[in-house]
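Trainee: Could you take me through a structure and show me how its features are read?

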Amino acid sequence: MVIRSLLAASLALASTASLPAQAAVDCKRVKCVALTFDDGPGATTPTVLKTLRKTGAKATFFLVGKQVEKRPKIAGQVLAQGHAIGNHTYAHISLPYYHDDRILDELKLGQRVIEKATGHRPKLFRPPYGHTDDRVLALAAQTDLAQVLWTGTTLDWKLRDPKKIRAAVLRLAKRDGVLLLHDVVPATAKALPGIVKELKKRGYHLVTVPTLLRGKGPVAGESYP
């Protein structure tokens, strides 16, 4: 098992190293927006990755530990294709309702599972449902994690209609915006080609959250944006 885990990590790192260098995007000079995807990897994550690869767009994926255990190869593909990955806890629980030890367990176990599958230890985390407080943030700092929330949520999990999801993204898009979607929602996967096409038409560069931070983060214990 140890040898297999090390091999998986090595392959993930090798895949990342073999990627062509991406042109640097300076969000001080150009209009950027960050698409973020929660709750995966899921059955429709490969479709989302395929669209992003074809269009040259980058995104940030907040992975749930239990889902990574089910689909470790897909988690590795996310990183290998040049996207940013973050910790969305192990079991997707509402953190403020639990005691400190359980919160730390959720964050630490999520870290271990993601690192085992991808060879990368996340620096970002997103609290499930956006439920957070100062205590959660302080515990995240102990785990070397920065918190990432959003400037707009599409509610794609509720809309479940490609046209409505596309309209929501375009309504919420703004310079340096961080938009919340879910790669596990089939309608989102269907809407994504049109979303990326229209955002680019409007002059946006689709970047990861770290790129959006312009070299000023992430800093453990800080909350963005």
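This is a predicted model: local features need pLDDT of at least 70, side-chain atom pairs count only at pLDDT 80 or more; totals for chains, interfaces and linings use all residues.

Trainee: Which strands pair with strand 2, and in what sense?

Mentor: Strands (E, at least two residues) and helices (H or I, at least four residues) are DSSP runs numbered from the N terminus, and two strands pair if DSSP finds at least two bridges between them. Here strand 2 is joined in the parallel sense to strand 1 (residues 32–40) over four bridges, and four bridges also join strand 2 to strand 3 (residues 84–87), again parallel. The bridge partner of Phe37 in strand 2 is Phe61. Between strand 1 and strand 2 the chain passes through helix 2 (residues 45–55), and this β-α-β crossover is right-handed, a term for a path from the first strand over the helix to the second that runs clockwise when the strands point away from the viewer.

Trainee: Are the residues of strand 2 buried or exposed?

Mentor: Buried means under 20% relative accessible area, with a 1.4 Å probe and protein chains only. In strand 2 (residues 60–63), Thr60 and Phe62 point one way and Phe61 and Leu63 the other, and all are buried.

Trainee: Where does helix 9 have a kink?

Mentor: A bend is the angle between axes fitted to the seven residues ending at a residue and the seven starting there. In helix 9 (residues 186–201), a kink of about 40° lies at Leu192, shortly before the proline Pro193. Leu192 is also one of the buried residues of helix 9, which include Ile195 and Leu199. Just after helix 9, Gly203 takes a positive phi of about 95°.

Trainee: How many residues has the largest nonpolar core?

Mentor: A nonpolar core is a set of buried Ala, Val, Leu, Ile, Met, Phe, Trp, Tyr and Cys residues joined through side-chain atoms within 4.5 Å. The largest one has 36 residues, and those with the most contacts inside it include Phe37, Phe61 and Leu192. Helix 9 gives the largest share of this core, seven residues. Apart from it lies another core of 13 residues, among them Ala34 and Phe62.

Methods: Residues are numbered from 1 along each chain as its sequence is written. Side-chain values use heavy atoms; hydrogens and water are left out. Buried means under 20% relative accessible area, exposed over 50%, partly exposed in between (1.4 Å probe, protein chains only). The expected span of a helix is 1.5 Å times one less than its number of residues.
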